[in-house]
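Subject: A structure for you to explore

Hi there,

Here is the structure I promised to pass on to you.

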Amino acid sequence: MVQTKKKDIRALTKDQLRDFFLSQGDKAFRGNQVYEWLWQKSAHSFDAMTNISKQTRQQLEDNFVINHIKVDQMQRSKDGTIKNAVRLHDDLIVESVLIPTKTRTTACVSSQVGCSLDCKFCATARLKRMRNLNPDEIYDQVVAIDNESRLYFDRPLSNIVFMGMGEPLMNYNNVLKAIDKITSSEGLGMSPKRITVSTSGVPKMIRKMADEEVKFKLAVSLHSAIDNIRTSIMPFNANFTLTDLRASLEYWYSKTKSRITYEYVVWKGINDTRKDVDALVDFCKFAPSKVNLIEYNPIDDGAFQQASNTAIDMYVDTLERNGIVVTVRRSRGKDIDAACGQLANKS
Ligand code: SAH
């Protein structure tokens, strides 16, 4: 007998689930119950669905699987940061991070296995992009971190950033579906204002997001506002130039009126001059902006080095004088390779 591959039940919408039960001569309402188990209650097995009859659970078992992620390894940094190595149903691994502060717990989640972009300073770029994550795989990372936050910090997860592995806008549909579930009252019920999608800048998708009037926040990993410099450290910039990127961001702002955050590392000899900071001011002054100056997390032999404090101070002063909000971000979880740009499935 040919064994047909069972479908992942969480690929079904609620309506499709209701239709399945109707087609089995059951009540559509059963679909609602199962849907609640799958999302709101994050059931890992059909047997966990205790208000569903044994016969119906068997019926589900015969037709579907629940492809749940598994946290294979959890590492804790001395600063409290937690890194999860997450095993997917096909045994590929991604990483996600819980970053605690006094008042918040932030989940940093992955959107792809590996990354197709080629940023020279990022460890994830060295992993080949294997595939996109499904909406449920993104959702599960958030649930796992929410559970850890409750367990270790006595509070629910407060914020989510799509700053793990991968480029979220190159897995646009699945990232949006996951956010729908995360924000829905039938999922985790989180406010979209607490979610930030970070992109290295894909103009076409930024426009699409603007058209769809999404409610989450946008961050752009800029690192340089001068084309030839940006292309030398983020080679895909040759195709998505700063002119296109900026036009798409102006469009985003005109539609959403939502402040844009820029992530920016200042490196010695790369972008640490007056000309660099002036270009940055010029690039972002069209809309309310915030610049996060991120500490560099070395990933290799020293081709990139964190700029001097003098250079950082010059950035902070100049940005502030021009009315741009600026924060200097210390790295978290460096000792367990959980900081920005360090996610590379090392262990
Ligand atoms: N692809 C998306 C999501 C990844 S976010 C994006 O580029 O925005 C990861 C963030 O860490 C990005 O801002 C990235 O530029 C930054 N980063 C990458 N490598 C880094 C490193 N070695 N040190 C500090 N930040 C790094």
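Helices (H or I, at least four residues) and strands (E, at least two) are DSSP runs, numbered from the N terminus. This is a predicted model, in which local features need pLDDT of at least 70 and side-chain atom pairs count only at pLDDT 80 or more, while totals for chains, interfaces and linings use all residues. Residues are numbered from 1 along each chain as its sequence is written, and side-chain values use heavy atoms, with hydrogens and water left out.

The sheet

You will find an open sheet of 10 strands with mixed pairing, in the order β3-β4-β5-β6-β9-β10-β11-β12-β13-β14. At its edges are β3 (70-76) and β14 (325-329), each of which pairs on one side only. From one strand to the next, the twist averages 20°; axes here are lines fitted to C-alpha atoms, for helices over the stretch in contact, and angles run from 0 to 180 degrees between N-to-C directions.

Which way do β13 and β14 pair? They run in the parallel sense, over 5 bridges, with β13 covering residues 289-294. Asn 292 has Thr 327 in β14 as its bridge partner. Helix α8 (residues 242-256) packs on the sheet and touches β11 (217-221) and β12 (260-264), where touching, or contact, means heavy atoms within 4.5 Å. The direction of α8 makes about 165° with that of β11.

A ligand nitrogen is 2.9 Å from a polar backbone atom of Asn 297, and a ligand nitrogen is 3.4 Å from a polar backbone atom of Cys 340. The protein covers 96% of the 540 Å² of accessible area that the ligand has on its own (Shrake-Rupley method, 1.4 Å probe).

Glu 295

Now look at the loop between β13 and α10 (309-321), where Glu 295 is found. Not counting residues up to four places away in sequence, Glu 295 touches Gln 306, Arg 329, Arg 330, Ser 331 and Lys 334. Its side chain makes a polar contact with the side chain of Arg 330 at 3.4 Å; such a contact is a pair of N or O atoms within 3.5 Å, and within protein one must be able to donate a hydrogen and the other to accept it, while residues adjacent in sequence count only if both atoms are side-chain atoms. A polar atom of the Glu 295 side chain also lies 3.0 Å from the backbone nitrogen of Ser 331.

Happy exploring!

Terms used:
Pairing = 2+ DSSP bridges.
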